[in-house]
Amino acid sequence: MEAIFIKDGSKVKNKGEYSRFDRSDGSKGLIYCCPQCGEVSGGTDKHKFNDEGDSVTPSIIHKCGWHGYLENNVFVGE
Ligand SMILES: [Zn+2]
């Protein structure tokens, strides 16, 4: 599924949308709407963006069972 970057993380609400945060406490990471179940998740500093900002590591495991990657602005399920 194509991943759509949303600048304002609080507006992430549709499947495949994602954002990044960079808080004053130094934590950085991913906010995303799960491509399978549509729940907005993330908000922890578990995922690191690459320099281009279009991929994260490590892979994403959602509680609904979806496991995949954000790579080159695409959510790729396994
Ligand atoms: Zn899910």
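Biologist: How many bridges join β1 to strand β2, and do the two run parallel or antiparallel?
Modeller: Two bridges join β1 to β2 (residues 17-22), and the pair runs parallel. Bear in mind that this is a predicted model.

Biologist: Noted. Which residue in β2 is the bridge partner of Ile4?
Modeller: That's Glu17.

Biologist: Remind me, what do strands of a sheet pair through?
Modeller: Backbone hydrogen bonds, in either a parallel or an antiparallel arrangement.

Biologist: OK, in which sense do β2 and β3 pair?
Modeller: Antiparallel, over five bridges. Phe21 stands opposite Gly29 of β3. The two strands form a hairpin with five residues between them, and Gly26 in that turn has a positive phi of about 95°.

Biologist: What about β3 and β4, how many bridges there?
Modeller: Three, and those strands run antiparallel. Here Ile31 stands opposite Gly42 in β4. They make a hairpin too, with six residues between the strands, and Gly38 takes a positive phi near 85°.

Biologist: Is β3 mostly covered or mostly open?
Modeller: Mostly covered. Five of the six residues in β3 (residues 28-33) are buried.

Biologist: So which residues make up the largest nonpolar core?
Modeller: There are 12 in all, among them Leu30, Ile31, Tyr32, Cys33, Val56 and Phe75. β3 gives the largest share of this core, with four residues.

Biologist: Phe75 is on that list, then. What is it in contact with, leaving aside neighbours within four places in sequence?
Modeller: Phe75 is in contact with Met1, Ala3, Gly16, Pro35, Gly68 and Leu70. Ala3 and Leu70 also belong to the largest nonpolar core.

Biologist: Let me switch to Ser41. Where is that one found?
Modeller: In strand β4.

Biologist: And why does Ser41 count as partly exposed?
Modeller: Because Ser41 has 17 C-beta neighbours inside 10 Å. Buried would take 20 or more, and exposed would mean 12 or fewer.

Biologist: Which residues is Ser41 in contact with, again skipping neighbours within four places?
Modeller: Tyr32, Cys34 and His62.

Biologist: How far apart are Ser41 and Val56?
Modeller: They are 15 residues apart in sequence, and their C-alpha atoms are 14 Å apart in space.

Biologist: Next up, Gly53. What's its place in the chain?
Modeller: Gly53 is in the loop between β5 (48-49) and β6 (56-57).

Biologist: Is Gly53 buried or exposed?
Modeller: Exposed, because Gly53 has 10 other C-beta atoms within 10 Å and the exposed class covers 12 or fewer.

Biologist: What separation do you get between Gly53 and Ile31?
Modeller: 13 Å between their C-alpha atoms, with the two residues 22 apart along the chain.

Biologist: Last topic, β8 and β9. How many bridges join them?
Modeller: Four. β8 (residues 67-71) and β9 (residues 74-77) run antiparallel, and Glu71 stands opposite Val74 in β9.

Biologist: Which residue in that hairpin takes a positive phi?
Modeller: Asn72, with a value near 50°, in a hairpin that has two residues between the strands.

Notes. Residues numbered from 1 in each chain as written. Predicted model: local features only at pLDDT ≥ 70, side-chain atom pairs only at ≥ 80, totals over all residues. Pairing = 2+ DSSP bridges. Contact = placed C-beta atoms within 7 Å. Core = buried A, V, L, I, M, F, W, Y, C linked by C-beta atoms within 7 Å.
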